[in-house]
Amino acid sequence: MTPAQDSKMPSLVAEPSSPAKLDEGTAPGERRGGERRGLRSAVAVHDWIVGFLFLAIDVGSWVLIYGLISYLRRDEFFVGPFEFVLVDVIQVAVICQALFMIGGYDRNNDKRALTYTAEHILAIIGAATVSALIVYSAAAYDSSIKPSRGVLLLSFLVFLPWSILFRRVIQRFLAESTAGRAFLVIGSGELATRFYEAYRQSPSRQRLEFVDIERERVGERVAGSGSPIIEGDLATKLTNLGDRYSGVVLAERVDRIRPELLEHLVRTQFQRTRVYTLESFYEAHWRHVPLHALDPFWPLQMGFQLARNSPYHYLKRLFDVALSGVLLVIFSPLLVLIAGVIWLRSGRPVLFRQTRVGREGEVFTAMKFRTMRHRATGAELSVNGSQLSEKPGEDIEEDIYTRENDPRITRVGRWLRKLRLDELPQLWNVLRGDMSLIGPRAEWIKCAEQYEKKIPFYHFRHLVKPGITGWAQVNYPYGESDEDAIEKLKYDLYYIRHYSLKLDAMIVLKTVHTVLFGKGR
C-alpha cells in the first residue's frame with residue numbers, strides 16, 4: 001500500500017486497535033470469564049476450530065473404545081501391536097472419511113436435525129461395512145491381521161450413539177455462542193433485498209445487519225415492513241467484527257465498492273473474520289448457487305472440479321458401467337415381479353418411454369416403469385378439487401408436472417414412486433451411457449425447451465450427464481412448477497461446480513435415506 005492510500009484508510013475504516021493488556025488488578029473470576037468469552041469468540045469466528053474439534057474427538061473416541069473393548073474381550077487375534085495399530089488406523093480413516101462426506105465436520109450443518117442423524121447412522125453403517133471388507137480382505141493374505149468380528153461390531157455399536165451425542169452437545173454450544181452474533185451485510189440494493197428474502201426462508205437463525213456504504217438508504221427497511229433497518233457507520237462495525245459478527249456478506253456490486261474498502265475486506269478475510277460473496281455464502285451455508293449472482297462466464301471461473309480431462313470423469317463412467325450391470329443382475333427378479341404386477345393391475349405397456357435431454361443437449365429415450373393410467377378424460381382428472389379440463393369427457397392436454405395426490409397415478413405406481421423403484425429400468429440407460437447413476441434429473445424434452453426459454457443459465461445443467469439420483473433430487477421436493485425448476489437448478493449448478501467423489505458419495509447416502517423414509521412422489 002502506498003503512503004497516500006494509507007492516509008485515506010482512517011476516513012473509511014478504522015484500523016483495529018491492538019489488544020488491551022489485562023489490568024494487574026483484574027480479579028481471577030473476571031479473568032476466567034474473559035478467557036471463556038475469548039474461547040466462545042474464537043469458536044464462533046473460526047470454522048476450522050469446530051471441524052478440528054469434531055475430528056479430534058472422533059479419533060480419540062474410536063481409539064479408546066476399540067482399544068478398551070479389545071482389552072476387555074481379550075482379543076488375541078493380532079500377532080503384535082503393529083498389526084493392532086494398522087487395523088485401528090484403517091478403521092479411523094474410513095470412519096472420518098464417511099463422516100466428512102455427510103458434513104460431519106462442517107459447523108454449518110445442523111447436527112441436531114433428524115435428517116443429519118439418519119445420514120450419520122447410514123455413514124457409520126457404511127464405514128463399518130467398508131472397513132470390515134478392507135481388513136478381512138487383507139486377513140485372507142496375512143493371517144497376522146484378523147481382528148475379532150465381535151470386537152469390531154461392538155466397537156461400532158458403542159461409537160455410533162456417542163458420535164451422535166457429542167455432536168448434538170457441541171452444536172447446542174455453537175448455537176448459544178452465535179446467538180448474540182449477526183452477519184454484517186454490506187449492501188442495501190436489490191442484491192441485499194434478495195439475500196434477505198432467501199435468508200428469511202432458510203434454516204439460518206442468526207441476525208442480519210445491513211449497512212449502506214453510500215448512506216443513501218440509512219433508516220429505511222431493506223425489504224419492507226418487518227425487515228431489518230439499514231444502518232450506516234461501516235467503519236465502526238468493521239472495527240468490532242470479532243466481538244459482534246460471525247462474518248461479513250458482500251451484497252453489493254463490485255463497481256460500487258471503493259478500492260480502500262475492498263482492500264480492507266481482503267485483509268479481514270485472511271486475518272480476522274470470514275468475508276463471503278453472495279455465491280460463497282449460498283454454497284457454504286445452503287449448498288446451492290444463487291442464480292441472480294451468476295453471469296454467462298460462470299463456467300469459466302476457477303475452482304470447478306469438472307474439467308474436460310477430469311480423471312474422476314473416467315472413473316465415474318467405469319463405476320457407472322460396473323455398478324449398473326451388477327444391479328441389473330441383482331434386481332432382475334424384482335424387475336420381473338414389478339413388471340408382472342403392473343401388467344396384472346393395469347395392463348400394458350409395462351414400461352414408460354420418454355424422450356429426454358442428456359449431456360450437451362443430446363436426446364435419448366429414457367425408460368421407467370409405468371406408474372400412471374392411460375390418457376384420461378377431464379372428468380377423471382381433478383387435482384386439489386380443480387378440473388384440469390373445461391369439458392367433462394374431453395381428452396385433456398397432458399400436464400407436464402406430477403401433482404401431489406395426482407389422480408393419474410395408479411395404486412401400484414404410488415408405491416413404486418414412493419420407494420423410487422419406478423427408476424430401476426433407467427439402469428439400462430446408465431449401462432448404455434445415456435445417463436449416469438448420479439447427476440441432474442433427466443428432463444422431458446418439452447420441459448427442457450420450456451425451461452431454457454424462461455430460466456437464465458438453465459442450459460448449464462447439461463454440462464454433465466443426467467442421473468437417476470442427484471443433488472437436487474435429494475435436497476428439494478418433487479418439482480411441480482417453473483418456480484420449483486428454478487430452485488432445483490440452484491442445486492444442480494452446485495453439483496456441477498463441486499463435481500467430485502465426495503459429493504457423489506454424499507448423494508448416495510442421502511438417496512438411501514430418501515428411499516428408507518419413503519420421500520418420493
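Below are my entries, one topic at a time.

**Ground rules**

I am working with a predicted model, where local features need pLDDT of at least 70, side-chain atom pairs count only at pLDDT 80 or more, and totals for chains, interfaces and linings use all residues. I number residues from 1 along each chain as its sequence is written, and side-chain values use heavy atoms, with hydrogens and water left out.

**Aromatic pairs**

I started with the rings. A pair of aromatic rings is described by the distance of the centres and the angle of the planes. My rule takes rings of Phe, Tyr and Trp (its six-membered ring) as paired if their centres lie within 6.5 Å; planes under 30 degrees apart count as stacked, over 60 as edge-to-face and the rest as tilted. With this rule I get 23 aromatic pairs.

I looked up F54 and F166: their ring centres are 6.2 Å apart and their planes stand at 40°, so I wrote this pair down as tilted. The pair links distant parts of the chain, since F54 sits in helix α3 (residues 47-72) and F166 in helix α6 (residues 149-178), 112 residues apart. For helices I use DSSP runs of H or I with at least four residues, for strands runs of E with at least two, numbered from the N terminus. Both F54 and F166 are buried. By my cut-offs, buried means under 20% relative accessible area, exposed over 50%, and partly exposed in between (1.4 Å probe, protein chains only).

How are the rings of F195 and W286 arranged, stacked or tilted? Their centres are 6.2 Å apart and their planes at 25°, so they are stacked. This pair also links distant parts of the chain: F195 belongs to helix α7 (residues 190-200) and W286 to helix α11 (residues 278-286), 91 residues apart. F195 counts as buried because its relative accessibility is 0%. W286 counts as buried too, at 9%.

**Salt bridges**

Next I turned to charges. I call it a salt bridge when a side-chain nitrogen of Lys or Arg is within 4 Å of a carboxyl oxygen of Asp or Glu. The count by this rule is 22 salt bridges.

K316 and D504 make one of them, with their closest N and O atoms 3.5 Å apart. K316 is in helix α12 (residues 311-330) and D504 in helix α19 (residues 501-516), so this bridge ties together parts that are 188 residues apart in sequence. I found K316 buried at 6% relative accessibility, and D504 buried at 4%.

E423 and K368 meet in another salt bridge, at 3.9 Å from N to O. E423 lies in the loop between α14 and α15 (426-432) and K368 in strand β6 (residues 363-369), so the pair joins parts 55 residues apart in sequence. E423 is buried at 13% relative accessibility, and K368 is buried at 8%.

Salt bridges that share partners join R207, E209, E231, K237 and R244 into one network. Within that group I checked E231 and K237, whose closest N and O atoms are 2.6 Å apart. Is K237 buried or exposed? K237 is buried, with a relative accessible area of 7%, while E231 counts as partly exposed at 29%.

**Backbone notes**

A cis peptide bond joins R348 and P349, with omega about 0°. P349 lies in the loop between α13 (332-346) and β5 (351-357).

D233 is not a glycine, yet its phi is positive, about 55°. I located D233 in the loop between β2 (207-211) and α8 (234-239), and D233 is partly exposed, with a relative accessible area of 38%.

R420 is another residue other than glycine with a positive phi, near 65°. R420 is found in the loop between α14 and α15 and is partly exposed, with a relative accessible area of 24%.

**Last entry: R411**

R411 lies in helix α14 (residues 411-418). At 65% relative accessibility, I count R411 as exposed.
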